[in-house]
Amino acid sequence: ELRKRKLRPTKPFAVLYPSLKRVKVDFQVSKEEEDALCGKEAPIVILGHPKSPLIATHAIAPHLEQIGVMLPSSALLELLMAVLGRPIVATSGNLHGSPIIAEQKRAQRQLQKVADYFLHHDLAIQFPQDDSVVKLVGSQSIVLRRSRGMAPNCLNAPLVTQGVLAMGAHLKSTFAYVPNAHTYVSPYFGNLDSYASLRRYENAIEQYVQLFNCKPQTILVDAHPNYESHVLGRTLAEKWKVKVAEIQHHKAHFASVLGEHHLHDTPEKILGVVWDGTGMGTDRTVWGGEFFVYQHGQMSRVSHFTPYNWLANDTMAKEPKLSLLSLLAREHHEGIRAKFNASQWRIYQIIGANNTLKTSSVGRLFDAAASALDLCDTNTFEGEAAMILEQAATSYQGDDLLDFLEGEGISATIPSHGIINNLFKAIKKGVAKDRLAASFIHTLAKSMVAIAQREGVKIVACSGGVFQNAYLRKQLGGLAQEAQLTILYNKELSPNDENISFGQLMYHEYIINN
């Protein structure tokens with residue numbers, strides 16, 4: 001019923017537990033997961049494989065064997081859970097696609113068709129925030145959403161020129177601000193396509209400027225001219241009569257890891273690997289599978305995944321079957337025709353034949369693999385196909401993994417089409433889905449190691465939403481150890497677009513101003 005009311009057909013819900021003791025009844029909890037659950041930030045922690053048959057896993061997190069679990073993070077929730085004494089589904093008080101609602105009257109007016117009852121308190125909410133979300137991979141924490149309890153905060157960042165405001169990206173938006181000797185990164189604001197999210201983002205910037213009594217002297221924007229953060233950044237720059245600098249999306253991702261690990265001044269050559277869903281490249285194509293090298297204050301693109309057709313604009317990110325159609329050789333097209341109705345098939349064949357826009361996105365590569373394995377043809381929320389694919393890979397218990405780059409070779413680029421077509425051939429041979437999902441991710445990990453060895457580097461810095469994938473990190477850990485590579489990730493920041501604003505600061509300070 002809640003899914004229907006919130007227009008949320010499959011996106012996972014979180015579960016609020018009254019105590020850690022009660023969590024341990026239903027889940028195996030590692031020491032690291034326990035520390036995260038009980039930490040002062042009180043985030044949602046993704047826990048795997050519920051051991052209790054009473055947990056309705058499929059209803060709470062469809063197609064996944066993991067659930068986001070949290071403990072009370074406020075006095076009101078403590079009181080509520082003390083009365084209930086059992087776990088309950090907990091979700092943000094918002095409408096689909098809009099930010100959380102923080103005012104009582106507005107909540108009762110706008111959420112009356114979602115909630116049957118309201119429990120209020122008398123504390124005003126000055127800065128509304130979503131819950132933070134983390135996932136543990138061994139002792140390593142992956143921040144999936146950095147918000148309540150984690151942000152805003154003062155980062156342990158390299159020194160940056162005061163008076164710089166970085167506007168971040170468009171999805172999973174944040175801004176970063178340097179009003180004094182410290183660097184502050186805002187909480188996550190979500191997708192700026194939402195008018196309410198954009199207004200909250202803009203108002204927060206104004207509040208920060210007033211709070212610190214420091215007007216920015218330079219504003220940094222993503223190079224994509226249609227991002228709302230870019231448009232607002234230029235509007236503010238005109239209003240305040242200050243400078244604007246554009247910074248390419250994936251270079252900002254790489255710079256964010258360099259900044260978090262204080263590596264901008266190291267003389268050592270570092271490989272930057274940035275894999276995500278989308279971002280405008282310097283050649284005006286859609287990047288998302290990029291390899292850069294950084295040394296002596298210079299950053300250059302050294303490799304990428306072979307570009308393939310970007311079909312139907314933003315529809316491609318919502319329909320994994322389009323990524324599969326784009327990557328699959330024409331000889332295999334009949335094998336996926338049933339995924340489309342007659343009209344779609346005719347239209348997409350025409351679009352493909354006349355397409356000029358290309359992409360190197362690894363995010364869409366994950367979508368294609370998920371669709372090929374019949375795991376997901378339509379995303380009802382961002383990253384759904386990749387999450388289901390990761391779940392399938394995690395369930396594989398063997399170690400006999402296939403290499404879909406075998407026979408392809410890696411020259412200037414990683415062969416995107418070859419990986420997907422070799423996967424499709426293996427499907428036709430009847431290889432188990434879990435083994436194929438694991439092999440696909442293993443292949444991507446091997447491609448990274450191959451580029452690192454080709455470039456002669458020992459340090460690899462990884463960023464982008466794809467690196468939220470725990471199974472990919474696990475595979476990289478094993479391969480890196482064999483190859484004697486050091487793999488670095490974002491630490492305090494999420495690997496997704498939430499780190500773009502901080503990366504823009506780092507790129508501007510240590511590369512543009514170098």
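In this predicted model, Lys40 pairs up with Glu41 in a salt bridge, with the closest N and O atoms 3.4 Å apart. Lys40 is exposed, at a relative accessible area of 79%, while Glu41 is partly exposed at 23%. That pair is one of 23 salt bridges in the structure.

Another of these links Glu382 to Lys172, and here the closest N and O atoms sit 2.6 Å apart. Glu382 comes from the loop between helix 13 (362–372) and helix 14 (384–394), and Lys172 from the loop between strand 8 (164–166) and strand 9 (176–178), so the bridge ties together parts 210 residues apart in sequence. Glu382 counts as exposed, with 55% relative accessibility, whereas Lys172 counts as buried, with 19%.

Arg301 and Glu290 also meet through their side chains, at 2.7 Å from N to O. Arg301 is partly exposed at 29%, but Glu290 is buried at 0%.

As for disulfides, a search of the whole structure turns up zero. Among the cysteines, Cys38 is partly exposed, with a relative accessible area of 45%, and Cys462 is buried, at 0%.

Turning to helix packing, helix 9 (residues 249–260) and helix 18 (residues 500–512) pack at about 80 degrees, their axes 7 Å apart, which makes them roughly perpendicular. Residues in contact include His249, Lys251 and His253 from helix 9, and Phe502, Met506 and Tyr507 from helix 18. By class, the contact has six nonpolar, six polar and two charged residues.

Notes:
Residues are numbered from 1 along each chain as its sequence is written. This is a predicted model: local features need pLDDT of at least 70, side-chain atom pairs count only at pLDDT 80 or more; totals for chains, interfaces and linings use all residues. Side-chain values use heavy atoms; hydrogens and water are left out. A disulfide is a pair of cysteine sulfur atoms within 2.5 Å. Buried means under 20% relative accessible area, exposed over 50%, partly exposed in between (1.4 Å probe, protein chains only). Axes are lines fitted to C-alpha atoms, for helices over the stretch in contact, and angles run from 0 to 180 degrees between N-to-C directions. Helices (H or I, at least four residues) and strands (E, at least two) are DSSP runs, numbered from the N terminus. Angles under 35 degrees count as roughly parallel, over 145 as roughly antiparallel, 65 to 115 as roughly perpendicular and the rest as oblique. Contact means heavy atoms within 4.5 Å. Ala, Val, Leu, Ile, Met, Phe, Trp, Tyr, Cys and Pro count as nonpolar, Asp, Glu, Lys and Arg as charged, and the others, Gly among them, as polar. A salt bridge is a side-chain nitrogen of Lys or Arg within 4 Å of a carboxyl oxygen of Asp or Glu.
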